[in-house]
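Subject: Structure for your review

Dear colleague,

Please find below the structure for your review.

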Amino acid sequence: MKAAVMSDSFPRNPGTPLAPDWFEDVQVNRSAAERRAATVAASRSVKKDHQAAWLLRAIQCIDLTTLAGDDTPGKVHRLCAKARQPLRPDLLAAMGVADIGLTTGAVCVYPTMVPHAVRALEGSGIPVASVATGFPAGLTPLPLRLAEIAYAVEQGAAEIDIVITREHVLLGNWAALYDEIAQMRAACGAAHMKAILATGELGTLTNVYRASMVAMQAGADFIKTSTGKEPENATLPVSLVMLRALRDYGARTGYRIGFKPAGGLRTAKDAMNWLALVKEELGNDWLRPDLFRIGASSLLLDIERQLEHHVTGRYSAASHHALS
Ligand SMILES: O=C[C@H](O)COP(=O)(O)O
C-alpha cells in the first residue's frame, strides 16, 4: 500500500555499537531538573499574534492520535479528516494562512487501523504512524513484537512507535535493551522508529537518561516519553532529561534525533510549554515535524478554541468542534 513518508531532510540515525560509558556515570539531579523545567514554563511570555503562530506550529507537529479499544474505521476516517483540515477555513483565512496547507504532523493508530488511515489520508502527504510491539506494556514475546512491526509497515505505516521492555531498564540490563531495540529498528526498515520509553515506569530520571541513550545507540529516529496509558505521562522535567540526552548524542555522533512528548498534553498552554522547552534546549531549528512531535488525542480541541478566541474574541463550547 502506498503511504506518505517522513521527509529525510537530514541523514537518518544509523545507531552506534552499545556504549555504556556514554551514560553509566551520568546521575540526574531531580530537583535541579524540576527547577530548570519550571523556569522555562514560567518565563514563557508569547502573546497574541506570536502565540497564534506558535499554536499553528504546534498543530503541524501533532501526531493526532486515537488508541482506544473502541476505535473503528469510521472513527479513524473522522480523525483523518481532522488531520487534513485541523482548523476551520474561516479561521485560517482570518489569520492570513489559508494557503499554507496546514495539516497535523501524522495520524497515530493501532496496527489494524493502519489501512483505514492510509486510505483516508491518500494524497495528503500526512504519514500514518502505528504503535506496535505489544503496545502499551510490551510484554509479548519478541518474535511477535517484531512481526507486529512488519505487519504495520506492510499495511502502509511510515512511522512505528515501539515500546521498550521496562524491566531491562529497571534491572540495568542495557545489552538486552539495546538488542531488542536494534532488532525493532531493523524490522522497521524504511519506516521511522519512535522509541517510547514509558518514563512514568522507569523509576528515576537517571534511568530516563540512560534508556534514552541506549535507544538512540540502537538506532531510534525519535525518543518518545509515554504511551498515554501509564499513571504518569509526559512531564517537563522528564522531557528536559530526554532533550539533554539527545543533545549529548548529537554532540558525540552528529546525528539529529527527534523528540515526542505524549500522554496527558491537553491544553494550548501545554503545547506552548513544550515548544518553549524544546526551543530553549535545542533552538528554533528543532520546532519542525521531522524533529518534534506531540502525541495527543485531545490537544487539538483546545488549540482550536484558543485560536477561535484569538480571531473572534469569543470562546465556543467544546461540543461545537468536530472530533479533535
Ligand atoms: O501517543 C499518544 C498518546 O497515547 C496520547 O495520549 P493522550 O490520549 O493522553 O493525549
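Predicted model: local features only at pLDDT ≥ 70, side-chain atom pairs only at ≥ 80, totals over all residues.

I begin with strand β5, which covers residues 192-196. Five of its five residues are buried, so β5 is largely enclosed by the rest of the structure. In a regular strand, side chains alternate between the two faces of the sheet. Here both faces of β5 are covered: H192, K194 and I196 are buried on one side, and M193 and A195 on the other.

Strand β5 has parallel partners. Strand β4 (residues 159-163) runs parallel to β5 and is joined to it by five bridges, with I160 standing opposite M193. Strand β6 (residues 222-224) is also parallel to β5, through three bridges; there, F222 is the bridge partner of K194. Together with helix α9 (residues 205-217), β5 and β6 make a right-handed β-α-β unit.

The largest nonpolar core comprises 96 residues, and those touching the most other members are V107, A117, V128, A195, A215 and I223. Helix α10 (residues 236-253) gives the most to this core, namely nine residues. Leaving aside its neighbours within four places in sequence, A215 is in contact with I164, I181, A195, L197, A220 and I223.

With kind regards

Definitions and conventions
Residues numbered from 1 in each chain as written. Core = buried A, V, L, I, M, F, W, Y, C linked by C-beta atoms within 7 Å. Buried ≥ 20, exposed ≤ 12 C-beta atoms within 10 Å, placed from the backbone. Helix = DSSP H or I, 4+ residues; strand = E, 2+ residues; numbered from the N terminus. Contact = placed C-beta atoms within 7 Å. Pairing = 2+ DSSP bridges. Right-handed = clockwise from strand over helix to strand, strands pointing away.
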